[in-house]
Amino acid sequence: MTSVRDQRSRAILRIHFHPAERTEELYGQLLTVLDGISSRVEPLPADWSAYVDLTGALTYWGRDVEGLVAVLRLRLLALHGVPSSAGAGPSRSIAAMAADVTPPGGATVVRDDEVAAFLRTKPTAALPGIGPKTARTLARYGITTVADIADTQLPTLQRILGTAAARQAHDLAHGIDERPVVPAATPKTMSAGHRFDRDELDPDQHHRTVLRLIQELGARLRTSGEITQALTLTVTYADRTQTTRSRTLTEATAHTPALATTARELLTSLGLQRARVRTLALRAERLRPAEDTVHQLTFDHRDEKLRHLEAALDRTAIRYGPGITGAASAFPRTG
């Protein structure tokens, strides 16, 4: 088992990107900048961030953690005009927690000898893996800070949280986190977007636009033989600010009605009744080959009819062009 001393020889960075507008191409370019500093980059496109293992890069570049993080953030700004915020420490969890308390445009570095002090003052919910429900459970036993978790005997924690969750919380509260940064290519995604000619305040127009985007995405997924496990909706407002919502699908699919249901839920969750919307964009994430799909058996004959209709519309679009049919209108609005 890796000791705390061995672990703390590492330097892990969690960096968040804050561009004016988000595109797949730009995210890939930002990852290329990271890769120019260290080859150990783990993309996290869902929230436009990444982990970077800087351990070996420190010697190569002849800089300390603060200096190398500053160089990296300056490159992002100089090459792509993208500000960033970053947190760094001897483990993934420390880096993530440091990034969480860092405002855009800043950086927080937690040194080896600062880990205990950094952790102990934090509320339990700040610890990775401790969600609101678990935090409330711990609070009923008077455990409200990371220091409380660290000071509670492991058997006691196990009675409260269960064996695995208690062990993880206990280790993280003591600064023990052996998880490596796992280099990976950018997860494949597919996007569709629409920019309005003027600020659009009409919720019905937002709804119709999202359905058109889903129709486009569904057709492209089916044509390329892929299915998606998650959808992300990004709204850009008149003042260029953005709101993003993501949701994981119960079943990976390229079926337009199923995608439309999730897209409507995302749109509804934003409450855009009088928002001045300039751009709507949908992104299908975590794509994989369609042969991996597991379509649940159903007695809903309407669903099967819609799938046949969808296939027919796809064939028509291929033959005559995508503008000839209006598949989105075939899938009625619910709620």
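This is a short tour of a predicted model, stop by stop. Residues are numbered from 1 along each chain as its sequence is written. Local features need pLDDT of at least 70, side-chain atom pairs count only at pLDDT 80 or more, and totals for chains, interfaces and linings use all residues.

**Whole chain.** Show the cartoon. The chain has 13 helices and 10 strands. These are DSSP runs numbered from the N terminus: helices are H or I with at least four residues, strands are E with at least two. Of the 335 residues, 46% count as buried (under 20% relative accessible area, 1.4 Å probe, protein chains only).

Select strand 2 (41-44) and strand 5 (107-109). They are the edge strands of an open, mixed sheet with the order 2-3-1-4-5. Strands pair if DSSP finds at least two bridges between them. Now pick strand 1 (residues 12-17) and strand 3 (residues 49-53). Five bridges pair them in the antiparallel sense. Find Arg 14: its bridge partner in strand 3 is Tyr 51.

Select helix 2 (residues 24-35). It lies across strand 1, strand 2 and strand 3, at about 160 degrees to strand 2. Axes are lines fitted to C-alpha atoms, for helices over the stretch in contact (heavy atoms within 4.5 Å), and angles run from 0 to 180 degrees between N-to-C directions.

**Strand 9.** Select residues 277-285. Why is strand 9 largely enclosed by the rest of the structure? Because seven of its nine residues are buried. Arg 195 has Thr 279 as its bridge partner in strand 9. Ala 230 stands opposite Glu 285 in strand 9.

Terms used: Heavy atoms only, no water. Buried < 20%, exposed > 50% of the residue type's maximum accessible area, 1.4 Å probe, protein only.
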